[in-house]
Amino acid sequence: MNDHTVIFDLDGTLLNTLEDLAGATNYALGQYGYPRRTLEEVRGFVGNGARKLIERALPQGAQRKDADEVLAVFRQYYNAHCQEKTCAYEGVMELMGQLKSAGYQMAVVSNKPDSAVKNLCRTYFADYIQAAIGERDGVRRKPAPDMVEQALAQLGSSKTGAVYVGDSDVDIQTAANTGLFCISVAWGFRDERFLWENGASAIAHTPSEVLKIIRSNETHTG
């Protein structure tokens with residue numbers, strides 16, 4: 001088994017997807033006459049999958065049937081428009097290249113719909129990512145360990161020496177539930193204070209710091 005593995009979250013970690021997520025959310029809300037949400041509101045809604053995003057975006061008193069219908073519109077619209085304003089964070093592509101050159105295997109696990117995860121990873125990270133897993137039936141969403149364990153299995157990697165990189169409290173909990181060392185990133189959808197308050201054990205302020213922290217952790221655990 002390969003003991004040099006990095007499991008990444010996607011939104012807010014590798015890619016800034018916020019504007020496309022907000023655009024799809026507001027399109028879906030608008031189809032049913034609901035008020036739009038601001039970019040900062042959507043920032044606070046993401047992290048627990050598409051259904052939770054829509055449930056949080058709907059006004060109080062909205063019915064479950066409404067949530068189901070708005071979610072269906074969101075999924076369809078987002079799949080078609082998920083790459084309009086999305087981009088990799090500065091320094092991310094360099095990090096991926098450095099990790100690949102150093103012999104690390106890499107995977108992405110995300111609570112966004114599986115089709116969107118795979119499409120985005122093909123577009124941006126086809127040369128680096130060996131496994132990409134998103135939300136789908138039969139697999140529990142993060143912070144359950146299922147997605148990470150599936151990714152490790154696909155890579156033929158063990159938990160020993162594997163690290164998890166993400167930008168949210170959900171990611172911190174996911175790493176803890178899987179038994180992986182977690183590196184939280186400060187450039188994503190949650191700020192540094194929030195991350196420390198929610199149990200972060202290490203925070204990277206730039207992608208280049210991620211590699212430094214990984215190597216430091218290997219030195220201390222190896």
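## Helices α3 and α4

In this predicted model, the residues A50, R51, L53 and I54 of α3 are in contact with R64, A67, D68, V70, L71, F74 and R75 of α4.

Helix α3 covers residues 50-57 and helix α4 covers residues 64-81, and the two pack at an angle of about 120 degrees with their axes 9 Å apart.

## Helix α1 and its two partners

Helix α1, which spans residues 18-31, packs with α3 at an angle of about 60 degrees, and the axes of these helices are 11 Å apart. The pair α1 and α3 is therefore oblique, and the crossing in which α1 passes α3 is right-handed. On the α1 side the contact is made by L21, T25 and L29, and on the α3 side by L53, I54 and A57. Of the residues in this contact between α1 and α3, five are nonpolar and one is polar, while no charged residue takes part.

Helix α1 also packs with α4, and here the axes come within 8 Å and cross at roughly 140 degrees. These two helices, α1 and α4, are therefore oblique to each other as well, and α1 passes α4 in a right-handed crossing. From α1, the residues D20, L21, G23, A24, T25, Y27, A28, L29 and Q31 take part, and they meet V70, V73, F74, Y77, Y78 and H81 of α4. The contact of α1 with α4 is made up of ten nonpolar residues, four polar residues and one charged residue.

## The sheet

Six strands form an open sheet in the order β5-β4-β1-β6-β7-β8, and their pairing is parallel. The edges are held by β5 (131-135) and β8 (203-204), each of which has a single partner strand, so one side of each is left without a neighbour in the sheet.

Within this sheet, strand β1 (residues 5-8) runs parallel to strand β6 (residues 162-166), and four bridges join the two. Which residue of β6 stands opposite I7? The residue that stands opposite I7 is Y164.

## A cis peptide bond

The peptide bond that joins K142 and P143 is cis, with an omega of about 15 degrees. As for where this proline is found, P143 lies in the loop between β5 and α7, the latter being the helix of residues 146-155.

## The chain as a whole

Taken together, the secondary structure of the chain amounts to ten helices and eight strands. The radius of gyration of the chain is 17 Å, close to the 17 Å that the globule rule gives for 222 residues, so the chain is as compact as a globular protein of that length. Along the principal axes, the C-alpha atoms of the chain fill a box of roughly 55 × 30 × 30 Å.

How values were computed:
Residues are numbered from 1 along each chain as its sequence is written. This is a predicted model: local features need pLDDT of at least 70, side-chain atom pairs count only at pLDDT 80 or more; totals for chains, interfaces and linings use all residues. Side-chain values use heavy atoms; hydrogens and water are left out. Axes are lines fitted to C-alpha atoms, for helices over the stretch in contact, and angles run from 0 to 180 degrees between N-to-C directions. Contact means heavy atoms within 4.5 Å. Two strands pair if DSSP finds at least two bridges between them. The radius of gyration is taken over C-alpha atoms; the globule rule is 2.2 Å times the number of residues to the power 0.38. Angles under 35 degrees count as roughly parallel, over 145 as roughly antiparallel, 65 to 115 as roughly perpendicular and the rest as oblique. A crossing is left-handed if the near helix is turned anticlockwise from the far one by less than a right angle, and right-handed if clockwise. Ala, Val, Leu, Ile, Met, Phe, Trp, Tyr, Cys and Pro count as nonpolar, Asp, Glu, Lys and Arg as charged, and the others, Gly among them, as polar.
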